[in-house]
Amino acid sequence: MIVHLVFSTKDREAWFKDAEKMNSVHAYLGGVAATLECPTIAIGGVADHVHILARMNRTISLAEWVKELKRASTVWMQKEWPEFAAFHWQAGYAAFSVSQSNTDAVVEYVHHQAEHHRTKTFQEEFRALLKKHGVEWDERYVWD
């Protein structure tokens with residue numbers, strides 16, 4: 001199964017303004033995903049959130065995969081960069097299954113996050129993704 005995973009930094013704080021750090025975080029997330037046998041197809045994002053398109057391994061649940069991605073990357077960032085001592089990912093996430101026939105379009109979407117976010121905030125994008133996939137949500141429980 002191919003999954004498009006989206007999650008932000010806590011309170012959507014722009015921790016990844018430095019492109020080199022953002023690229024390092026994306027590479028690290030890809031490494032963690034590979035270790036969990038969920039190879040990434042694309043990783044992208046901007047200063048306050050990340051998108052990961054990956055093939056899920058049948059031996060790990062989605063929740064376990066996301067938990068380990070967030071845990072391992074947080075520990076690594078806090079060790080790697082002292083200024084990240086207070087860093088945290090948001091508690092929640094969204095994950096959408098992607099058909100093989102739509103994978104190329106999602107790869108393009110993930111790789112063009114910088115252009116996309118010139119006109120749209122993370123919250124606007126997140127709401128649009130939930131709506132597109134027919135997911136009902138309560139604003140009280142989406143943002144942290």
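Modeller: A charge sits over a ring if NZ of Lys or CZ of Arg is within 6 Å of the ring centre and within 35 degrees of the ring normal. The charged end of Lys 70 sits over the ring of Phe 7, 5.1 Å from its centre. This model is predicted, so local features need pLDDT of at least 70 and side-chain atom pairs 80 or more, while totals for chains, interfaces and linings use all residues. Residues are numbered from 1 along each chain as its sequence is written, and side-chain values use heavy atoms, with hydrogens and water left out.

Biologist: Where is Lys 70 found, and why does Lys 70 count as buried?

Modeller: Lys 70 is in helix 2, residues 62-80. Helices are DSSP runs of H or I with at least four residues, strands are E runs of at least two, and both are numbered from the N terminus. Buried means under 20% relative accessible area, exposed over 50%, partly exposed in between (1.4 Å probe, protein chains only). Lys 70 has 10%, so it is buried. Its side chain reaches the backbone oxygen of Gly 92 at 2.8 Å.

Biologist: What makes Lys 21 and Glu 83 a polar contact?

Modeller: Their side chains are joined at 3.0 Å. A polar contact is a pair of N or O atoms within 3.5 Å; within protein, one must be able to donate a hydrogen and the other to accept it, and residues adjacent in sequence count only if both atoms are side-chain atoms. Lys 21 lies in helix 1, residues 19-35. Its relative accessible area is 18%, so Lys 21 is buried too.

Biologist: Why is the pair of Trp 15 and Phe 84 called tilted?

Modeller: Rings of Phe, Tyr and Trp (its six-membered ring) pair if their centres lie within 6.5 Å; planes under 30 degrees apart count as stacked, over 60 as edge-to-face and the rest as tilted. The centres of Trp 15 and Phe 84 are 4.9 Å apart and the planes are at 50°, so this pair is tilted. Trp 15 is in the loop between strand 1 and helix 1, Phe 84 in the loop between helix 2 and strand 4, so the pair ties together parts 69 residues apart in sequence. Phe 84 has a relative accessible area of 2%, so it is buried. Phe 84 also pairs with Phe 87, tilted as well, at 5.9 Å and 35°.

Biologist: How do you know that the buried residues of helix 3 are on the same side?

Modeller: They are Thr 103, Val 106, Val 107 and Val 110. They cover an arc of only 105° around the axis, so they lie on the same side of helix 3. The arc is that of the directions from the helix axis to the C-beta atoms.

Biologist: Which residues have the most contacts inside the largest nonpolar core?

Modeller: Phe 16, Ile 52, Trp 65, Met 77 and Trp 89, in a core of 27 residues. Helix 2 gives the largest share, six residues. A nonpolar core is a set of buried Ala, Val, Leu, Ile, Met, Phe, Trp, Tyr and Cys residues joined through side-chain atoms within 4.5 Å.

Biologist: What is the phi of Glu 37, and why is Glu 37 called exposed?

Modeller: Its phi is near 60°, a positive value in a residue other than glycine. Most residues other than glycine have a negative phi. Glu 37 has 54% relative accessibility, so it counts as exposed.
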